[in-house]
Amino acid sequence: MSAVGWTPSEREQERARARRSIRRRGVLLATAATVVVLGLLVVGIVASPGWDRFRETFLSWPHAKEAFPDIAKGFWLNVKMFLVAEPLILLLGGAVAIVRSTVSPLLTPVRVLAVLYTDFFRGVPTILVVFLFAFGIPALRLQGVPNDLAVLGTAALVLSYGAYVAEVIRAGIESVHPSQVASAEALGLSRAQAMRFVVLPQGVRRVTPPLMNDFVSLQKDTALVGAVGVFESLFAAQDYGNYTFNYTPYLVTAAFFVALTIPLARFTDWMGRRMMERERGSR
Amino acid sequence: MSALLEVTGLRKSYGDKVVLDDVSLTVQPHDVICLIGSSGSGKSTLLRCLNLLEDIDDGVIRFEDAEISDPRVDARAVRKRIGMVFQAYNLFPHLTVLDNCTLAPRQVHGVRRAEAEARAQELLERFGLADQAAKHPDKLSGGQQQRAALVRALCTHPTLLLLDEITAALDPELVGEVLEIVRAEAERGMTMVLATHEMAFARDVATTVCFLDQGRILEQGPPAEIFSNPREERTRHFLRRVLPG
């Protein structure tokens with residue numbers, strides 16, 4: 001049976017018109033509400049007593065242009081730190097999560113280490129870890145360990161975020177129903193194989209949205225490395241402000257970060273939606 | 001006597017696939033309408049259309065003397081008056097049985113906690129679940145879960161109850177305990193529309209049996225007539241396959 005040979009009844013056509021008008025009213029209402037709310041926000045800010053002074057120090061076009069090249073150069077360093085840190089974090093977090101989900105008595109010491117690691121690095125403020133790495137590791141004068149602050153800062157980010165990501169992945173692993181392990185083992189798979197082929201794929205897929213969330217957050221936190229004097233974008237902006245007493249470069253830096261995080265955030269949304277549709281059917 | 005629910009010329013399609021085609025059905029108060037037919041004949045879709053879980057493509061649904069298929073109608077107001085039970089129970093796993101039953105009365109109907117719990121307890125008792133009230137649904141057997149789902153639907157005093165193959169996911173030995181209370185509710189005068197594969201139950205309890213085939217109600221009438229003297233060849237063929245002997 002197909003849709004051919006059917007014309008909507010009079011009543012249905014009228015209903016379609018009603019549906020259209022309801023939809024139209026919805027769009028109108030949304031537009032009006034948005035304009036009013038945003039308008040009030042803008043008016044509220046512009047009417048503030050310090051607005052003129054604010055515009056001078058934070059919204060100066062010449063200063064923005066002048067600081068732009070240094071900030072862009074610094075931002076490229078942020079991007080590099082992020083690109084290097086992200087895969088390392090996934091590896092570290094995945095490894096720690098898997099270790100924590102093992103049951104073998106032989107692996108107890110590794111499990112204890114994994115627990116201590118996540119407890120410590122999730123508990124200590126990230127910026128403090130950056131300080132410890134940047135100042136502490138060179139002080140040890142170890143042979144063959146780089147003294148470059150950007151490298152040490154990135155290492156600090158990897159360890160700090162690795163602990164978060166490990167917990168997210170572990171949550172994913174634990175969310176997979178035990179019956180899945182049972183049916184994998186019933187097929188003769190080893191525990192490790194069951195983890196690799198059955199549990200991990202399902203678990204990681206389920207926690208992809210929170211993982212992406214952590215990565216958006218990591219993009220921003222690369223700016224923490226600026227606190228130890230690495231010329232990334234925020235430090236470049238700060239440096240400029242210290243010489244000229246103009247803070248427009250901060251907003252330029254903010255624009256850079258937003259331009260990078262928004263696409264990733266939209267991508268995260270899209271991926272979450274797609275996964276839900278695939279698993280539950282799109283209806 | 002005016003009908004409680006009146007469906008005329010209902011049409012529903014998903015893309016090119018027409019799932020319901022020119023379906024008309026009248027439900028009087030205290031009727032028990034059984035929808036029978038093979039899987040994919042449109043029984044579940046019809047039930048989902050009746051409480052507006054699905055948008056319809058054409059036709060009119062009238063409930064309690066008002067057209068509810070109008071897009072301007074508040075679907076929640078309609079659903080407040082119609083109860084529904086699903087094949088997979090769909091109890092909320094994070095709430096106890098009692099909380100499952102009092103959620104809608106308290107949040108939607110504004111009933112006070114004590115009152116809602118008294119009503120739920122009374123129904124749970126009637127359905128043999130008094131000692132399960134404090135448990136979470138996953139601790140219950142399938143039959144107990146489905147009975148709890150029935151209680152949940154009845155707690156809001158619906159005027160119409162829709163049951164969507166509520167015994168299809170149960171072990172054969174648990175089917176009886178669920179059907180028994182559906183029968184008891186029917187005898188108390190509850191108006192029901194139910195999709196079912198339990199022919200013996202339909203024969204005993206239904207006031208009207210509708211045979212659906214490829215999205216159409218091919219034949220409807222009192223169970224005695226449909227089961228012993230079906231008019232359509234398709235109905236005969238279907239009944240031969242599902243009825244033993």
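This is a predicted model: local features need pLDDT of at least 70, side-chain atom pairs count only at pLDDT 80 or more; totals for chains, interfaces and linings use all residues.
Reader: What makes B:Glu165 buried?

Author: The count for B:Glu165 is 20 other C-beta atoms within 10 Å. The cut-off for buried is 20 or more, so B:Glu165 is buried. B:Glu165 sits in the loop between β7 (160-164) and α6 (172-187) of chain B.

Reader: Why is B:Leu52 called partly exposed?

Author: B:Leu52 has 19 other C-beta atoms within 10 Å. Buried needs 20 or more and exposed needs 12 or fewer, so a count of 19 falls in between and B:Leu52 is partly exposed. Its place is the loop between α1 and β4 (58-63) of chain B.

Reader: What makes helix α1 of chain B mostly covered?

Author: Six of the eight residues in α1 (residues 43-50) are buried. Among them are B:Leu46, B:Leu47 and B:Leu50. B:Leu52, with its positive phi, comes just after this helix.

Reader: How do you know that chain B is as compact as a globular protein of that length?

Author: Chain B holds nine helices and ten strands. Its radius of gyration is 18 Å, and the globule rule gives 18 Å for 245 residues, so chain B is as compact as a globular protein of that length. Buried residues make up 42% of the 245.

Technical notes. Residues are numbered from 1 along each chain as its sequence is written. Chains are lettered from A and ligands numbered from 1 in the order in which they are written. Helices (H or I, at least four residues) and strands (E, at least two) are DSSP runs, numbered from the N terminus. The radius of gyration is taken over C-alpha atoms; the globule rule is 2.2 Å times the number of residues to the power 0.38.
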